[in-house]
Amino acid sequence: MASVMDLNELRQGIDECDTELVNLLAKRRALTEQVGVIKQQTGAPLHAPEREAQLIASRREQAQNLNVNPDLVEDILRRMMREAYENQQGRLACVAPELSPVVIVGGKGAMGQLFAKQLERSGYEVRILDREEQAQAGALLADAKLVLISVPINAIEEVVNHLPTLPEDCILADITSVKQQPLKVLLNKHSGPVVGLHPMFGPDISHWVKQTIVVCEGRAHERCTGLLEQLSVWGSQLVEIDAKKHDQAMQIIQVMRHLTTFVYGQFLSKQCHTLEELRSCSSPIYQLELMMVGRLFAQSPELYSDIMLAQFDDVEGLLASYQETFASTLEKLKMGDKSALIEAFSQAKHYFSDSAAQFLTQSRGLLNKANDAKVLD
């Protein structure tokens with residue numbers, strides 16, 4: 001039988017491996033920082049999907065040959081890549097210098113600050129036009145090449161209509177989560193190029209790589225190419241879609257999701273169990289659900305109220321359908337109708353089709369990470 005001394009020696013060997021691993025991570029970080037400098041100088045995109053896929057495939061094959069779990073290797077690689085993208089944020093490439101100067105209306109808000117920092121990292125001159133700068137609005141906008149509207153949805157019409165006339169060659173864009181009505185406001189205000197943007201992320205991101213930005217055409221789309229190229233160089237995934245289709249999709253993706261999360265959070269707050277009690281006996285998947293609910297309530301109540309109110313009239317039909325589905329399911333439970341529940345389950349499963357298996361695999365990885373991060377007293 002192995003002795004305590006054997007165990008200590010093995011543990012010492014593990015410690016040596018871990019030390020060597022940390023040294024390798026430091027070496028890799030230095031290399032990725034140099035890559036970032038070259039990308040900044042050459043204007044190369046931060047994200048190279050083909051290179052990433054090739055790297056992961058090669059290391060997975062190597063892991064299999066060495067009898068190492070390839071999923072473990074891929075997890076480590078993806079985590080290192082995320083770290084590398086974060087390390088390359090100091091200075092970023094500028095691919096459309098003609099966009100400078102940029103004026104961010106509402107630039108002191110969280111999203112405005114996020115865009116300002118990113119633009120400044122790429123060397124653009126950024127000016128902020130907020131409440132305190134209203135008296136200087138004319139001077140700030142006189143030679144603007146890009147005006148980015150970053151204000152609450154319910155304030156965009158008033159804010160935009162109070163802007164002075166913009167230069168003809170200036171791009172006017174907004175980053176609100178609704179697109180049809182804001183685009184109408186922008187098009188009525190400005191005769192030059194107009195584009196609607198919807199960043200599908202919040203101000204707490206550490207980098208822009210793989211972050212989705214929806215793009216809705218307004219006017220003179222060909223003159224917005226430089227702006228879109230700059231977003232792509234930062235690593236963003238651009239999805240171009242009609243404004244009406246965007247808003248219809250957001251009714252489900254955002255409004256209905258936020259609404260159900262909002263209601264569930266209120267429901268939890270009225271129960272006799274504390275959050276700590278619920279978490280103590282939760283499975284990893286419920287831990288994740290609690291995280292997503294808690295994430296909403298960690299952010300601005302004004303923002304989420306505006307998002308839900310902005311499209312409430314448009315989602316009344318969806319809400320009625322949702323309520324009907326909930327009531328129908330409740331009735332099946334009351335009747336103890338197992339066959340009807342199975343049939344309803346099968347119908348929903350058919351909607352997910354082949355993606356269900358993919359989601360199962362992807363969620364398993366998330367659940368493992370959630371369980372790994374669980375803190376035990």
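User: How many aromatic pairs does the structure hold?

Analyst: The structure, which is a predicted model, holds 7 aromatic pairs. One of them joins W208 and W234, whose ring centres are 5.0 Å apart.

User: What makes the pair of W208 and W234 edge-to-face?

Analyst: Two values decide the matter. Ring centres must lie within 6.5 Å to pair, and planes over 60 degrees apart count as edge-to-face. The centres of W208 and W234 are 5.0 Å apart and their planes stand at 65 degrees, so the pair is edge-to-face.

User: Why is it said that the pair of W208 and W234 ties together parts that are apart in sequence?

Analyst: W208 belongs to the loop between β5 (194-199) and β6 (212-219), while W234 belongs to the loop between α8 (225-233) and β7 (237-240), so the pair ties together parts 26 residues apart in sequence. Both tryptophans, W208 and W234, are buried. Ring pairs also link W208 and W234 with F115 and F201 into a cluster.

User: Why is the pair of Y351 and F352 called edge-to-face?

Analyst: The planes of Y351 and F352 make an angle of 85 degrees, and their centres are 5.4 Å apart. Because an angle over 60 degrees counts as edge-to-face, the pair of Y351 and F352 receives that name.

User: Which terms, buried, partly exposed or exposed, apply to Y351 and F352?

Analyst: Exposed requires over 50% relative accessible area, and partly exposed covers the range from there down to the buried limit of 20%. Y351 has 70%, so Y351 counts as exposed. F352 has 40%, so F352 is partly exposed.

User: How many disulfides does the count come to?

Analyst: The count comes to 0 disulfides. A disulfide is a covalent bond between the sulfur atoms of two cysteines. The cut-off applied here is a sulfur-to-sulfur distance within 2.5 Å. For C170, the closest cysteine sulfur is that of C224, at 10 Å, and therefore too far for a bond. For C281, the closest cysteine sulfur is in C272, at 12 Å, which is likewise too far for a bond.

User: How do you know whether C170 and C281 are buried or exposed?

Analyst: C170 has a relative accessible area of 0%, and because buried means under 20%, C170 is buried. C281 has 64%, and because exposed means over 50%, C281 is exposed.

User: What does the side chain of H190 reach?

Analyst: A polar atom of the H190 side chain lies 2.7 Å from the backbone oxygen of C170. The side chain of H190 also reaches the backbone nitrogen of G192, at 3.4 Å. Since the limit for a polar contact is 3.5 Å, both distances fall within it. H190 is found in the loop between α7 (180-189) and β5, and its relative accessible area of 3% makes H190 buried.

User: Which residues form a nonpolar patch on the surface?

Analyst: L66, V68, L72 and I76 form this patch, with about 350 Å² of accessible area together. A patch residue needs over 30% relative accessible area; V68 has 35%, so V68 passes that limit and is partly exposed. V68 lies in the loop between α2 (49-65) and α3 (70-87).

Technical notes:
Residues numbered from 1 in each chain as written. Predicted model: local features only at pLDDT ≥ 70, side-chain atom pairs only at ≥ 80, totals over all residues. Heavy atoms only, no water. Patch = residues over 30% accessible without salt bridge, like charges linked within 9 Å, V, L, I, M, F, W, Y side chains within 5 Å. Areas by Shrake-Rupley, 256 points an atom, 1.4 Å probe, with all protein chains shown as cover. Salt bridge = Lys/Arg side-chain N within 4 Å of Asp/Glu carboxyl O. Helix = DSSP H or I, 4+ residues; strand = E, 2+ residues; numbered from the N terminus. Buried < 20%, exposed > 50% of the residue type's maximum accessible area, 1.4 Å probe, protein only. Phe/Tyr/Trp six-rings, centres within 6.5 Å; stacked < 30°, edge-to-face > 60°. Polar contact = N/O pair within 3.5 Å; in protein donor to acceptor, adjacent residues only side chain to side chain.
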